[in-house]
Amino acid sequence: MSAKQDLTEKQKMLQGLPYFPSDKTLQQERAKAKKLCQQFNQHDIDDRKGARKLLQTLLGYKASAWVEPDFYCDYGYNIRLGQGFYANHGLVILDAATVTIGDNVMCAPGVLISTATHPLNAVERQRGIETANPINIGNNVWIGMGAKILDGVTIGDNAVIAAGAVVNKDVAANTLVGGVPAKLLRQL
């Protein structure tokens with residue numbers, strides 16, 4: 001047996017290898033995260049301290065960040081938020097791989113960040129295989145309303161992602177990108 005065959009589905013997921021998200025452990029971990037998201041989203045609006053505690057439990061560390069409800073993620077433990085992070089309503093982070101977000105990043109309403117992807121081959125998709133690739137977002141980035149950041153993307157410092165953009169390739173620092181797929185609009 002090869003070392004790859006000895007890995008758990010979670011280990012495969014975290015290493016960027018094809019894995020089965022239907023694995024019992026991964027299903028349990030997603031259920032736990034979704035329960036915490038549900039509690040966070042339904043938490044008393046006047047109890048920001050309690051809501052922050054729920055967010056910290058979900059992420060597994062004390063974050064100097066604020067996320068407006070509703071917020072959804074797959075696992076929580078693969079999300080690293082920098083200082084001063086702010087997300088408006090409707091943020092979704094599908095974090096089967098690591099999502100690293102720098103300091104002073106702002107997300108407008110309805111932003112989707114997804115590390116997960118499925119095979120192009122229909123037979124592989126039918127088997128239920130998935131892969132995940134890390135996403136890295138630099139410091140001082142602004143992600144506009146409804147933008148989508150796809151797996152494997154790196155966004156450089158001070159970049160701006162226009163509303164509705166679909167980012168499927170790396171974004172250089174100090175640039176404005178927009179469109180579907182996102183293209184360079186100008187240097188900042």
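I began with an open sheet of seven strands, in the order β1-β4-β7-β12-β15-β17-β18, and its pairing is mixed. I then looked for the edges: they are β1 (65-67) and β18, and each pairs on one side only. I note here that the model is predicted.

**Entry: the β1 end.** I checked how β1 is held to its neighbour. Three bridges join β1 to strand β4 (residues 85-87), and the two run parallel. I picked out one partner pair: Val67 is bridged to Ala87 in β4.

**Entry: the β18 end.** I moved to the other edge strand, β18. How many bridges join β17 to β18? I found four, between β17 (residues 175-178) and β18, with the strands running antiparallel. Leu176 has Arg186 in β18 as its bridge partner. The two strands form a hairpin with four residues between them. In this hairpin, Gly179 takes a positive phi near 105 degrees.

I also looked up the cover on β18. The strand spans residues 183-187 and is hardly covered. The count of buried residues among its five residues is zero.

Entry: I found an open sheet of five strands, in the order β2-β5-β8-β13-β16, with parallel pairing. Its edge strands are β2 (71-73) and β16 (166-167), and each pairs on one side only.

I followed β5 next. On one side, three bridges join β2 to β5, and these strands run parallel. Cys73 has Ile93 in β5 as its bridge partner.

Which side chains of β5 are buried? I saw that the side chains alternate along the strand. Leu91 and Ile93 point to one face and are buried.

**Entry: Gly102.** I looked for Gly102 and found it in the loop between β6 (99-101) and β7 (106-107). Is Gly102 buried or exposed? Its relative accessible area is 13%, and buried means under 20%, so Gly102 is buried. I then listed what it touches, leaving out residues up to four places away in sequence: Gly82, Ile137, Gly138 and Asn139. I also took a distance to Phe85. Gly102 and Phe85 are 17 residues apart in sequence, and their C-alpha atoms are 7.7 Å apart in space.

**Entry: the whole protein.** I stepped back and counted elements: the protein has four helices and 18 strands. Its C-alpha atoms fill a box of roughly 50 × 40 × 25 Å, taken along the principal axes.

Why does the radius of gyration agree with a compact globule? With 188 residues, such a globule would have a radius near 16 Å, and the protein has 17 Å.

I looked up burial too: 41% of the 188 residues are buried. The accessible surface comes to about 9,800 Å², and 54% of it belongs to carbon and sulfur atoms. I checked contacts between residues at least 6 apart in sequence, and 27% of them join residues at least 24 apart. Last, I looked at charges. There are 20 positive and 17 negative charges, and their mean positions are 1 Å apart.

Note on methods. Residues are numbered from 1 along each chain as its sequence is written. This is a predicted model: local features need pLDDT of at least 70, side-chain atom pairs count only at pLDDT 80 or more; totals for chains, interfaces and linings use all residues. Side-chain values use heavy atoms; hydrogens and water are left out. Two strands pair if DSSP finds at least two bridges between them. The radius of gyration is taken over C-alpha atoms; the globule rule is 2.2 Å times the number of residues to the power 0.38. Buried means under 20% relative accessible area, exposed over 50%, partly exposed in between (1.4 Å probe, protein chains only). Contact means heavy atoms within 4.5 Å. Accessible areas come from the Shrake-Rupley method with a 1.4 Å probe; for residues, only the protein chains shown count as cover. Lys and Arg count as positive and Asp and Glu as negative; His and the chain ends are not counted. The place of a charge is taken as NZ of Lys, CZ of Arg, CG of Asp or CD of Glu.
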